[in-house]
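Work through the exercises below with the model open. Try each task before reading its solution.

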Amino acid sequence: MAINGACFCGEVTYKIDGKLRDARSCHCSMCRKAFSSQASSYALLEPNEFSWLTGENLLTSFNSKNGAGLQFCSKCGSTLCGTYKGSIHGVTLGCVEGDPQVELGMHIFVGSKASWETIPEGVPQYEEWPPKNA
Ligand SMILES: [Zn+2]
Ligand SMILES: [Zn+2]
């Protein structure tokens with residue numbers, strides 16, 4: 001079963017013929033800005049399992065100096081996916097339709113979370129990056 005996603009206005013849609021993995025929420029100050037939210041909600045995928053269905057021409061990219069980037073709908077502003085050195089790397093969970101069969105498995109950079117956020121209990125939290133074996 002494919003996983004489908006769409007932006008807020010619905011013009012940009014995609015499908016993933018595979019599974020999402022390593023869903024995480026990052027609470028650092030950069031992710032708060034990039035995702036316009038209290039944290040990112042993001043999961044990784046296999047690049048060859050991802051394809052745009054509609055609206056790829058509406059995507060605008062933002063690339064940071066370290067090679068990580070984001071792609072968002074130029075019409076409604078939804079951030080749809082993350083890239084690394086130009087290749088798809090993961091998707092934002094907020095734009096996934098339905099149940100993608102993955103849950104946020106960790107909250108990272110909680111040491112720099114917003115003062116106005118309370119992190120939910122019951123999911124591992126890390127001050128910064130998780131330990132390598134997490
Ligand atoms: Zn849109
Ligand atoms: Zn972050």
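Buried means under 20% relative accessible area, exposed over 50%, and partly exposed in between, with a 1.4 Å probe and protein chains only. The model is predicted: local features need pLDDT of at least 70, side-chain atom pairs count only at pLDDT 80 or more, and totals for chains, interfaces and linings use all residues. Residues are numbered from 1 along each chain as its sequence is written, chains are lettered from A and ligands numbered from 1 in the order in which they are written, and side-chain values use heavy atoms, with hydrogens and water left out.

**Exercise 1. Find the donors of the zinc ion (ligand 2) and state their spacing in sequence.**

Step 1. Apply the donor cut-off: N, O and S atoms within 2.8 Å of the metal (3.2 Å for Na, K and Ca); water is not among the atoms, so sites may look incomplete.
Step 2. Cys 26 (SG), Cys 28 (SG) and Cys 31 (SG) coordinate the ion at 2.1 to 2.3 Å.
Step 3. The spacing reads C-x1-C-x2-C.
Step 4. Check burial. Cys 26 has 6% relative accessibility, so it counts as buried. Cys 31, at 16%, is buried too.

**Exercise 2. Assign the geometry of the zinc ion (ligand 1) from its donor angles.**

Step 1. The donors are Cys 7 (SG), Cys 9 (SG), Cys 73 (SG) and Cys 76 (SG), at 2.3 to 2.4 Å.
Step 2. Four donors count as tetrahedral if all angles lie between 85 and 135 degrees.
Step 3. The angles here run from 104 to 113°, and the site is tetrahedral. The ideal angle for four tetrahedral donors is 109.5 degrees.
Step 4. Along the chain the donors follow C-x1-C-x63-C-x2-C. Cys 7 lies in the loop between strand 1 and strand 2, and Cys 76 in the loop between strand 7 (68–73) and strand 8 (79–84), 69 residues apart.
Step 5. Cys 7 is buried at 7%. Cys 76 is partly exposed at 25%.

How values were computed: Tetrahedral: all angles 85-135°; square planar, octahedral: opposite > 155°, others 65-115°. Helix = DSSP H or I, 4+ residues; strand = E, 2+ residues; numbered from the N terminus.
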